[in-house]
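Here is a walk through one protein chain, taken a few regions at a time. Keep the structure open while reading.

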Amino acid sequence: MTLDQVRRQLPAGALADRVAVLAGPAEDIPVGDGVRVVDATQTLPALHAALTVDGPYDLVVDLGGGPGLAERLSQLLFHVRPGGVWAARVPQDAGPFLSHLEALRVRHPGGGGTPAERDADALAASIVGVERCEDVVHVRTAADALPKLTHRQVHRLRRRLSGEVTSLFEREGFDWDVAAPAASTAEDWPVPTSYQAPPLSLRAYPEAQCWPRQGVVTARFVAPESSQRLGAGRLHNPSFTDLSPRFVERPPVPRERLEGAWFHLDNQFRGHFGHALSEQVSLLWAWPRVLEEHPDARALVFDNRGNDTVAEWELQLLEAGGVDRDRVHLVRGPVVVERLLAASPMFSRPAHLHPELRSTYDRIGAALAAAATPSVESHERIFLTRRGRRGCHNLDQVEAEAERLGYTIVVPETLPLPEQVRLVREADVIAGLAGSNIFQIAFAGEPKRVVLVGSASYPAHNEFMMSALMGHSLTHVAGTPDVPAPPSGFSLRAFHSDFAIDFAREGVALREALAGD
């Protein structure tokens, strides 16, 4: 079958100026103006990246056939522009593919459900016509979608995405082994022995569209800086409507505009202490390079909590990391930015951690401690406690045991951030409940002994990562959660579950960890 034959079979009024052909190695496709030939034997992520470069298309012709035909249609249909057509050559065994199309045609999207069900709903809603002509099936779509790209995909395609992104700095990643000891009382607890130092990049996006909760899009794709994590199976941003794991519904172009150069320092949970100390701080490695390129650059953050301000502790944190508070600009709604500078993170739980992040933590910790106005006495042993989410039912008993063994109970949130950091840096042993209230261990300045008390359904990735980075000796005492973690997958209820320390079972380990040598 030739491309002209496919064009002649198109529904009336269908355009075919911009065409992509997915073909196997045996196909001989004449390449003309506006025609892109893509190797159909590639993996779906590779096909997705290849189609993104010149998309969206008026017509995609899938000649790949085989059992992957239905999956390619489901995963890649959104590369077709609204009103465009996906034309698939029907295989000899057409039954499964045609059944797949029929199931989509009669599906009644209801909203909700699992991500897979929502993806199927979005796909079904986007299909506005299915026609069969000879041995070709035409699927017409009405969806206006933007493809998502990962950091690695943008890196590989950066020269072909000229005008959309410019690379200012690149460094390859590597694996490294954890030298500091770590242990957990939980059965089958995956204590990390190595991490992946992620590739580092600093990119410039001209005319970038920026949205609250870390969202960044160009005219042609969703930038990887929109995702909270590296290596996630599904890149997700709450400011956008997902159509599939690889696409979002194209958002409207923001009306407000910011002139000049801006460093993207936003976060999906900006204003949350734990996310600031882990994810936001891990972007600050790029700030000196940003200033080299644009001495007048400012840092862009969004108001996602409705309080119209940046908290004093966050300004202190960023200032200690080198970003003057008068350069931090709070935006309340989506904006178009003349030149957006965006960095890949050094910290992305659970597996990506760059050892050079320690120098950033050391610098911030020293600056904050120096700015402290001592209001409480330092102690060799401190126990950082809290009340609220992931609460310990018998916390009074745990704290009493810690005090018996020489610990002073500290409620970090009642103290200014510099004071919190000073106390941690001046202590020899830091114990406390798992969670962001103990993330100050990242600013300890030197290896310490750390005792973590938490729930067996809370993975404590951040605490293990920070300890590995700083060289802390970490002991994790895992209590019994009200909601156990499922055997596989993730449960938010289990993650936030309250728990208790069973002193008949975990008490010995807790006492030994607190007592130390």
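A residue is called buried when its relative accessible area is under 20%, exposed when it is over 50%, and partly exposed in between. The model shown here is predicted. With these limits in hand, take Ser-239: its relative accessible area is 25%, so Ser-239 is partly exposed.

Ser-239 is found in the loop between β13 and β14. Leaving out residues up to four places away in sequence, Ser-239 touches Trp-211, Pro-212 and Arg-213. His-79 is 160 residues from Ser-239 along the chain, and the C-alpha atoms of the two are separated by 21 Å.

The model has eleven aromatic pairs. In one of them, the ring centres of Trp-211 and Phe-240 are 6.2 Å apart and the planes stand at 75°; planes over 60 degrees apart count as edge-to-face, so this pair is edge-to-face. Trp-211 belongs to strand β12 (residues 200–211), while Phe-240 is in the loop between β13 (215–217) and β14, so the pair ties together parts that are 29 residues apart in sequence. Are these two residues buried or exposed? Trp-211 has a relative accessible area of 12%, so Trp-211 is buried. Phe-240, with a relative accessible area of 6%, is buried as well.

A second pair is formed by Phe-263 and Trp-287, with 5.7 Å from centre to centre and 40° between the planes, which makes it tilted. Phe-263 is in strand β16 (residues 256–264) and Trp-287 in helix α8 (residues 287–293), so the pair links distant parts of the chain, 24 residues apart. Both Phe-263 and Trp-287 are buried. Elsewhere, Tyr-458, Phe-490 and Phe-495 form one aromatic cluster.

The charged end of Arg-213 sits over the ring of Phe-269, 5.4 Å from the ring centre. Likewise, the charged end of Arg-289 sits over the ring of Phe-169, here 4.0 Å from the centre.

Which residues does Phe-263 contact, apart from its neighbours within four places in sequence? Its contacts include Leu-283, Ala-286, Trp-287 and Val-290, and also Arg-298, Ala-299, Leu-300, Leu-341 and Ala-343.

How many bridges join β14 to β15? There are two, and β15 covers residues 247–249. In β15, Val-248 is the bridge partner of Asp-242.

Conventions
Residues numbered from 1 in each chain as written. Predicted model: local features only at pLDDT ≥ 70, side-chain atom pairs only at ≥ 80, totals over all residues. Heavy atoms only, no water. Pairing = 2+ DSSP bridges. Helix = DSSP H or I, 4+ residues; strand = E, 2+ residues; numbered from the N terminus. Contact = heavy atoms within 4.5 Å. Phe/Tyr/Trp six-rings, centres within 6.5 Å; stacked < 30°, edge-to-face > 60°. Buried < 20%, exposed > 50% of the residue type's maximum accessible area, 1.4 Å probe, protein only. Lys NZ or Arg CZ within 6 Å of the ring centre and 35° of its normal.
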